[in-house]
Amino acid sequence: MEIQPIGYVKNELKKPEHVKNAGEIISKIVIDKKFESGLYKIEYQKFIDVIFHFHQSGDFDLVGPIFTGETRGVFASRSPRRPNGLGVSTVRLLKQEENILIVSGLDAIDGTPVIDLKPADFSFFRQNNEDDDLPLHNPRFNIEKHISRGETKQLLKMAGQIHGHFCPGLAMGVIAAVNGMQRFKQISDGMEKILAIVETNNCFADGIQYVSGCTFGNNGLIFKDQGKNAVTFATRNGKGFRIRGRNDLRQTIGRLFPEFETLFDEVIVKRNDNPEKQKLFNEESRKASFGMLELDFSRLFVTEEENVKVPPYAPIEESLQCDECGEIFMASRGKNRENRNICNKCLNVHHPFLDGYGIHCT
Ligand SMILES: [Zn+2]
Ligand SMILES: [Zn+2]
């Protein structure tokens, strides 16, 4: 076995001795430049496991005293005198400055070689409430964190907050968007850097909007009224890929969630609004949507690279007051006639609108 350090620790601990207040000690973990890109998206981790080498402790004792005086076996202690001299600490990540991580709680001395880093996983123990506190500097922090960890279940739960119910369509949107966003080396900040082009205005589109952050309101969402369960994600250089539901999607859902399929036909297609049936349908729909998260991506979607013609950033338009109705309107949505500003509404101009039937004109 051959191990090469990825970096080293820099802090005030100069002597190898037991540290009582590790939680208060601030350390820098300096990562070798050649491994720096391995830190991509690490800022979304609150806690990191640091694996390091006890480079100053020579031999090992299988049984010996620990710092309290109690005798224990080496594997029942955190003693540095171990057969393989490896230390593991879970630290809090305070800040990242390029190849340097600033952490608290690392009980390793100055100069300690670092072998590996990984996100600490408390998922087996934790009742997760951390979504309650949104950091204001990046309102999408929790969403990006779940994307980078592939936590589709969390994201589906959260997407349900805007969609109002859980259904396979919403789950599909979440799955597609997680896959899409994971391919980009940048995050979505609602400023049109990442665009989502959706081809349907159904449940799928809400999963896309929630996870990708490309929305109707921030112009990151482009709607092509083609009635297909498909979305193309692209960055401003036009490099993108289209993710489209497989042709046998309906059959897959029907086969895996037959109760959902039957109730869908009764409650949604035939509009049978019996409240008991409705309740049962909601339950089956929820089961099916979370069940879909367990499926392989390739069972649901086909992906192709695509070059996208990226529209310029949305214009910032002048606001005018209509001389007919007195309301304020965007300059492009009206005309100046005989020195009077008139809005499209007062001009009786046909305007397109979007509803459940797609885009049409008045
Ligand atoms: Zn839905
Ligand atoms: Zn008007």
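Before going on, a note on the model: it is predicted, so local features need pLDDT of at least 70 and side-chain atom pairs count only at pLDDT 80 or more, while totals for chains, interfaces and linings use all residues. Residues are numbered from 1 along each chain as its sequence is written, chains are lettered from A and ligands numbered from 1 in the order in which they are written, and side-chain values use heavy atoms, with hydrogens and water left out.

**Stop 1**

Donors here are N, O and S atoms within 2.8 Å of the metal (3.2 Å for Na, K and Ca); water is not among the atoms, so sites may look incomplete. One pair links distant parts of the chain: His163 in helix H2 (residues 152-163) and Cys203 in helix H4 (residues 203-212) are 40 residues apart. Helices (H or I, at least four residues) and strands (E, at least two) are DSSP runs, numbered from the N terminus.

Is His163 buried or exposed? His163 counts as buried because its relative accessibility is 15%, whereas Cys203 is partly exposed at 24%. The cut-offs are under 20% relative accessible area for buried and over 50% for exposed, with partly exposed in between (1.4 Å probe, protein chains only).

**Stop 2: around ligand 2**

Now pick Cys322, Cys325, Cys343 and Cys346. Their SG atoms coordinate the zinc ion (ligand 2) at 2.3 to 2.4 Å. What is the geometry of the site? It is tetrahedral, with angles of 102 to 118 degrees among the 4 donor atoms. The spacing along the chain is C-x2-C-x17-C-x2-C. Colour two of these residues by accessibility: Cys343 is buried at 8%, and Cys346 is partly exposed at 31%.

**Stop 3: a salt bridge**

Select Glu324 and Arg340, whose side chains meet in a salt bridge (3.1 Å, N to O). Glu324 sits in the loop between strand E14 (319-321) and strand E15 (328-330), and Arg340 in strand E17 (residues 340-343), so the pair ties together parts that are 16 residues apart in sequence. The term means a side-chain nitrogen of Lys or Arg within 4 Å of a carboxyl oxygen of Asp or Glu. By this rule the model has 16 salt bridges. Another to show is Lys95 with Glu97, where the closest N and O atoms are 3.0 Å apart.

**Stop 4: a helix residue**

Find Phe281 in helix H7 (residues 275-292). With 7% relative accessibility, Phe281 counts as buried.

Notes. Tetrahedral: all angles 85-135°; square planar, octahedral: opposite > 155°, others 65-115°.
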